[in-house]
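Dear colleague,

Please find below the sequence and structure that I am handing over to you. A summary of what was found follows.

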Amino acid sequence: MTLELSAGDQSMLDGEHGRAVAAAMKILVAFSNAVGARKLLDIAGAHIDGCLYHGQASLDFVERLVEGGGRVRVPTTLNVGSFDLIHPGLVKMPPAQEVPARRLMKAHLKLGCQATFTCAPYQTRFRPGFGEQIAWGESNAIVFANSVIGARTNRYGDFIDLCCAMTGRAPAWGLHLSENRRGQILFELTGSFEPADALFVGVGLVIGQASGDRIPVISGLPQPRDEDQLKALGAAAATTGAVALFHAVGITPEAKTLDEAFRGMAPEATIRICRGDIDQALANLSSVPDGAPLAAVSLGTPHFSHEEWMRLLPMLREVAPGRGIPIYVNTGRATFKRLQDEGELDDAQKFNLIPVTDTCTYVTSVLERLDGVVMTNSGKFAHYAPGNIGVTVAFGDLADCVRSAAAGRVVRGAR
């Protein structure tokens, strides 16, 4: 199969737009040929997952593009980096690692990327629209864009997402194409479920683990309170599996009916999910029993939205945790600024509330203590943090996390 290039594509490949664009197009062409794309398509935006420093190669790649005069061609947001640039000193890192990590974040800005530094670009002014073609990295952002918004992107990894941004083009394959977006495997919720936050996390964990590379369709899911619950579902599914798109019947935009979700075809398999399946998936996120002493609370993985803050802050003011347990809340800098402008964080220090922007507590050294139990309402944090930063995790809903901070120990389910 031969990739067909437009005159504009060929012009970029031939170096008529500079060395950086030519390099990006060369990589994009090779990638497109590898995945069997027939042509390239225009994209409306990109989200870059390569700001988090993993080694010299990533810095070399981006700085080479800068040296070649490169600039992104479409609105391009940035995922989390290794530092909270708004709160200096919050991240603890040896200078030998800090210098290149900061350089990597700044190099992306020199390419014309937006200083969003959030894993939730759909919570910014750069949120795409239904049907828009985009090239996004970051697993939770990808599944949210495809599923909740109905925009179109594949799972783009480091470097390829940036090459798409540099050229304004992406390979016409996979989830960019309508015929590849139909559901393949059906998950039926059996029994009666309330739309609790933990339910959406649990469903995400189950479908992620069982879907493989198939697109899941969920029937019987209660109407969510807000899109943050769908955000949690997608993040969990992309954590335990490779889910980039899910359909929830009667909820998500490409699944008004079961027939629409499957495009008139029968599911390849049907899996029933009962309450016991959900309970077991959630239980697997915790490695400590109720009553275990608490070292910290970590929220906002993916980054907290303004609506989530508006749920958290009244809880804190009501419970008024005063035991000095730090409550870290990861959030986008745009959301953080809005909260500051509204005066919502004026009393934050009373509750030992620590906003974290530009990065995330499970990917870099933010937490003061790693020797105790960290409680979270995030399936993603609970899944990754033990391996990434070596902490012991307890999972609970948002109210449980606040009550546990007040009690100084893990408390779940008490009202």
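With which residue does D347 form a salt bridge, and how far apart are the closest N and O atoms? The partner is R317, and the closest N and O atoms of the pair are 2.9 Å apart. A salt bridge here is a side-chain nitrogen of Lys or Arg within 4 Å of a carboxyl oxygen of Asp or Glu. The pair links distant parts of the chain, 30 residues apart: R317 belongs to helix α11 (residues 306-319), and D347 to the loop between α12 (333-342) and β12 (353-356). Helices (H or I, at least four residues) and strands (E, at least two) are DSSP runs, numbered from the N terminus. D347 counts as buried at 16% relative accessibility, whereas R317, with a relative accessible area of 35%, is partly exposed. Buried means under 20% relative accessible area, exposed over 50%, and partly exposed in between, with a 1.4 Å probe and protein chains only.

Please note that this is a predicted model, in which local features need pLDDT of at least 70 and side-chain atom pairs count only at pLDDT 80 or more, while totals for chains, interfaces and linings use all residues. Residues are numbered from 1 along each chain as its sequence is written, and side-chain values use heavy atoms, with hydrogens and water left out.

Overall architecture

The protein has 14 helices and 14 strands. Its C-alpha atoms fill a box of roughly 65 × 55 × 35 Å, taken along the principal axes. The radius of gyration is 22 Å, which agrees with the value near 22 Å for a compact globule of 415 residues; this quantity is taken over C-alpha atoms, and the globule rule is 2.2 Å times the number of residues to the power 0.38. Of the 415 residues, 57% count as buried. Among contacts with a separation of 6 or more, 76% are between residues 24 or more positions apart, a contact being heavy atoms within 4.5 Å.

Further salt bridges

The count comes to 23 salt bridges. One of them joins E227 to R127, with the closest N and O atoms 3.0 Å apart. E227 lies in helix α8 (residues 227-240) and R127 in the loop between α4 (95-110) and β4 (134-136), so the pair ties together parts that are 100 residues apart in sequence. E227 is partly exposed at 31% relative accessibility, and R127 is partly exposed at 34%.

Another salt bridge, between E342 and R338, has its closest N and O atoms 3.0 Å apart. These two residues are four apart in helix α12, a separation of about one helical turn.

Pockets

The largest pocket has a volume of about 330 Å³. On a 1 Å grid over the protein atoms alone, a pocket is an open set of points where a 1.4 Å probe fits, with protein on both sides within 12 Å along at least five of seven lines; lining residues have an atom within 4 Å of a point. A volume is the space filled by probe spheres set on the points. The lining comprises 20 residues, and L52, E138, Y362, V363 and K380 lie nearest the centre. β10 (294-304) and α13 (379-389) each supply at least two residues of this lining.

The second largest pocket has a volume of about 270 Å³. It is lined by 16 residues, with L175, N180, Q184, D213 and I215 the closest to its centre.

Yours sincerely
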